[in-house]
Amino acid sequence: MAAELNALRDQIDEVDKQMLELLAKRLSLVEQVGEVKSRHGLPIYAPDREAAMLASRREEAAKKGVPPQLIEDILRRTMRESYASEKDSGFKCLNPQLRSVVIVGGNGQLGGLFGRMFKLSGYEVKVLGSQDWDRADEILDNAGLVVVTVPIHLTEGVIEKLNTLPQDCILCDLTSIKAKPLHSMLEVHNGPVVGLHPMFGPDVPSLAKQVIVYCDGRGEAEYQWLLEQFKIWGASLCQISAEQHDKGMTLIQALRHFTSFAYGRHLSQQNPDLDTLVKLSSPIYRLELAMVGRLFAQDPSLYGDIIMSSEENIEMIKCFHKQFGDALALLDSKDKEKFISEFNEVSQWFGDYSQQFMSESQNLLKQANDAIHRG
């Protein structure tokens, strides 16, 4: 039996080596694709091409008796690596006449990421850090684009200092709230203004498929090239009003971060053995635990700013607290029929999204389970 297994394993090892050689060849071809896209100003992410390619490979896999989802999983992981390597070729500069790009707060992680992307696109980038305000006039002199990326509680105060920018300079911010910063920018600068919110962290390997929200301010025609530059980087754009954005972020960011904070705080006070929790975890709880733990691996000041950035956030959290209390009262009543009735009401509210989210979560859980090593 051992000899038979070893012979088969040797063949598997040989196939694995062939797969490595093919992957290396594919990445080499991707690098060449990146160079062509860079020269011609094409986005690194082409959704129609990706969808057509995956559909074709799934069909071919089914004909060969290979599970279609297997080849899709392999290709999606490979493409993620490909998008990261394509950016190394740089990007076409859509506005070569632009004067310098000044990133206020460019020494931070998010500012650093955007600084690198602008440099990869051939723009001159300057940084105005917290220690550089005595040289602010020199750094901002003749700026063509000023990007504000500082902590939320400092944003409006920093914007107020930017009152001598050239008339045609584009002023934008990367803050996770939009109404107040956008209002401040429109007050302090008479030129083009746009509010931006990158819906990702600074640790992303590529901007492919990442969302950048933009809220129009003034002079839309003057900053269209900037939005197109984001698309070339691979980002997807979402246009929305500042007020709608902030209302959505109350649920998407403030409430979710707070509930993660509260759950992590509860765990720490209950003081269970984390090793035991992890060993007992189903893939979905392991993923939920990871998302909570992830919060506490990051800057507490940032999350405090996000949660406490508006009274609307606090009111929404209080509203959730009441809902939690109502749900707890339902449990105290031990009225299972009412529980099922309210459960079904919420299910109807989600509509078709319930099944869509079920499918998406199943894929995530498979990946999470694959990554787990159990001794």
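Guide: The protein has 15 helices and seven strands. Helices (H or I, at least four residues) and strands (E, at least two) are DSSP runs, numbered from the N terminus. This is a predicted model, in which local features need pLDDT of at least 70 and side-chain atom pairs count only at pLDDT 80 or more, while totals for chains, interfaces and linings use all residues. Residues are numbered from 1 along each chain as its sequence is written, and side-chain values use heavy atoms, with hydrogens and water left out.

Visitor: Into which domains is the protein divided?

Guide: Domain bounds come from an automatic or database domain assignment. Here they give domain 1 (1–86), domain 2 (100–240) and domain 3 (245–371). The centres of domain 1 and domain 3, taken over C-alpha atoms, are separated by 35 Å. The C-alpha trace of the protein spans about 80 × 65 × 40 Å along its principal axes.

Visitor: What is the order of the strands in the sheet?

Guide: Strands of a sheet pair through backbone hydrogen bonds, either parallel or antiparallel. Two strands count as paired if DSSP finds at least two bridges between them. This open sheet of seven strands runs E2-E1-E3-E4-E5-E6-E7, and its pairing is mixed. Strand E2 (125–128) and strand E7 (236–239) are at the edges with a single partner strand each, so one side of each has no neighbour in the sheet. From one strand to the next, the twist averages 25 degrees.

Visitor: Which way do the side chains of E4 point?

Guide: In a regular strand the side chains alternate between the two faces of the sheet. In E4, Ile 170 and Cys 172 point one way, Leu 171 and Asp 173 point the other way, and all are buried. Buried means under 20% relative accessible area, exposed means over 50%, and partly exposed lies in between (1.4 Å probe, protein chains only).

Visitor: In what sense does E4 (residues 170–173) pair with E5 (residues 193–198)?

Guide: The two strands pair in the parallel sense over three bridges, and Val 194 in E5 is the bridge partner of Cys 172. Helix H7 (residues 179–188) packs on the sheet, where H7 touches E4, E5 and strand E6 (211–218). The direction of H7 makes about 155 degrees with that of E5. Axes are lines fitted to C-alpha atoms, for helices over the stretch in contact, and angles run from 0 to 180 degrees between N-to-C directions. Contact means heavy atoms within 4.5 Å. E3 and E4 also pair in the parallel sense, over four bridges, and Val 147 stands opposite Cys 172 in E4.

Visitor: Why do the buried residues of H6 line one face of the helix?

Guide: An α-helix has 3.6 residues a turn, so residues three or four places apart point the same way. The buried residues of helix H6 (residues 152–160) are Ile 152, Thr 155, Val 158 and Ile 159. Down the axis of H6 they fall within an arc of 95 degrees, so they line one face of the helix. The arc is that of the directions from the helix axis to the C-beta atoms. They pack against strand E1 (100–104), strand E3 (143–148), H7 and helix H12 (300–307). His 153 and Glu 160, on the other side of H6, are exposed.

Visitor: Which residues touch the most other members of the largest nonpolar core?

Guide: In soluble globular proteins, nonpolar side chains tend to be buried together. A nonpolar core is a set of buried Ala, Val, Leu, Ile, Met, Phe, Trp, Tyr and Cys residues joined through side-chain atoms within 4.5 Å. The largest one has 39 residues, of which Val 101, Phe 114, Phe 118, Leu 145 and Phe 230 touch the most other members. At least three of its residues come from each of domain 1 (1–86) and domain 2 (100–240). A second, separate core has 23 residues, including Leu 128 and Leu 165.

Visitor: What is the phi of Lys 209?

Guide: Most residues other than glycine have a negative phi, and most peptide bonds are trans. Lys 209 is not a glycine, yet has a positive phi of about 70 degrees. Lys 209 sits in the loop between E5 and E6. Asn 271, also not a glycine, has a positive phi of about 55 degrees, and is in the loop between H9 and helix H10 (274–280).
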